[in-house]
Amino acid sequence: MEHEFKKKFGQNFLSDKNLLQAIVNDAEICEKDNVLEIGAGAGALTKPLSEKAKRVVSFEIDRDLQDHLLSLNLKNTEFVFTDALKESINTIEKHFKGEKYKLVANLPYYITTPLIFKFLEESDSVDSLTIMVQKEVAERMTAKEGGKDYGVLTVMVGFFGEAKITRVVGRQMFFPQPNVDSAVVNITRNQKFKDINRKDFYEFIKACFSMRRKTLANNLSGYLKLNKTQLTQKLSTFDLTRRAESFSLNEFIEIFKEIKK
């Protein structure tokens, strides 16, 4: 196909059939699954998805690709030519009529984080997300506590599900070739913390990491409008002299619950 690649849409297409099939396998797609694809591109990933899934709904922002995608005549596949980031979750999920689905996407780097959080925070119907992201972002999403990559993104992804890197994809696999390598990340949703307010916990975690070089006591005193002495008295069961990056997700959960009391 002939196509003028648009930098504003972050277009970097894949064509290697073995890699595309591997991404479908990473997402664990089978004949009973509904799939939401964000960023159909030239349809290279849409095709193997449609061959495995019960149904595919694929969003594509670039209307110049419409004729090409529709000409593929993929069975059980519906293309929607609009910006998925601007659509409400309810509007997107109407396509699935209340059924669960798996999200699969080769995302432009600039929308990676907002789109991931859009679905993790707002949807109760997405079972898993299998996404191609910048390798550096993938490492932050799956980091262990104590390292420089561990932060707000790590904790919040862990709050919603189990994340793992399934494969690293070199920049040479894309056209046009980006400046960095990518990785495929699979996030399987869980309901471990469904009794905790998502937005409140997110604000709390952002406060914990607001100044990475300072202790948790410093960061939380401003957030809770308490001086450090008051704070350490009220949260005396926790060592708040540590930095945020040393706390596990479960420790953050316990501190958050204590604050809510």
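**Close-up views of a predicted model**

**View 1. K135 is partly exposed, with a relative accessible area of 29%.** The model is predicted. K135 belongs to helix α6, which spans residues 135–141. Beyond residues up to four places away in sequence, K135 touches V168, D181, S182 and A183. I116 is 19 residues from K135 in sequence. In space, the two C-alpha atoms are 15 Å apart.

**View 2. S123 is buried in the loop between α5 and β6.** The relative accessible area of S123 is 0%. This is under 20%, so S123 counts as buried. Its side chain makes a polar contact with the side chain of E93, at 2.5 Å. The S123 side chain also reaches the backbone nitrogen of V126, at 3.2 Å. Neighbours within four places in sequence aside, S123 is in contact with I89, E93, Y101, K118, R189 and R198.

**View 3. Helices α8 and α11 pack with their axes 11 Å apart.** Helix α8 covers residues 198–208, and helix α11 covers residues 249–260. The angle between them is about 110°. That lies in the range of 65 to 115 degrees, so the pair is roughly perpendicular. The crossing is right-handed. From α8, the contact is made by D200, F201, F204, I205 and C208. From α11, L249, F252, I253, I255, F256, I259 and K260 take part. By class, the contact has ten nonpolar, no polar and two charged residues.

Notes:
Residues are numbered from 1 along each chain as its sequence is written. This is a predicted model: local features need pLDDT of at least 70, side-chain atom pairs count only at pLDDT 80 or more; totals for chains, interfaces and linings use all residues. Side-chain values use heavy atoms; hydrogens and water are left out. Helices (H or I, at least four residues) and strands (E, at least two) are DSSP runs, numbered from the N terminus. Buried means under 20% relative accessible area, exposed over 50%, partly exposed in between (1.4 Å probe, protein chains only). Contact means heavy atoms within 4.5 Å. Axes are lines fitted to C-alpha atoms, for helices over the stretch in contact, and angles run from 0 to 180 degrees between N-to-C directions. Angles under 35 degrees count as roughly parallel, over 145 as roughly antiparallel, 65 to 115 as roughly perpendicular and the rest as oblique. A crossing is left-handed if the near helix is turned anticlockwise from the far one by less than a right angle, and right-handed if clockwise. Ala, Val, Leu, Ile, Met, Phe, Trp, Tyr, Cys and Pro count as nonpolar, Asp, Glu, Lys and Arg as charged, and the others, Gly among them, as polar. A polar contact is a pair of N or O atoms within 3.5 Å; within protein, one must be able to donate a hydrogen and the other to accept it, and residues adjacent in sequence count only if both atoms are side-chain atoms.
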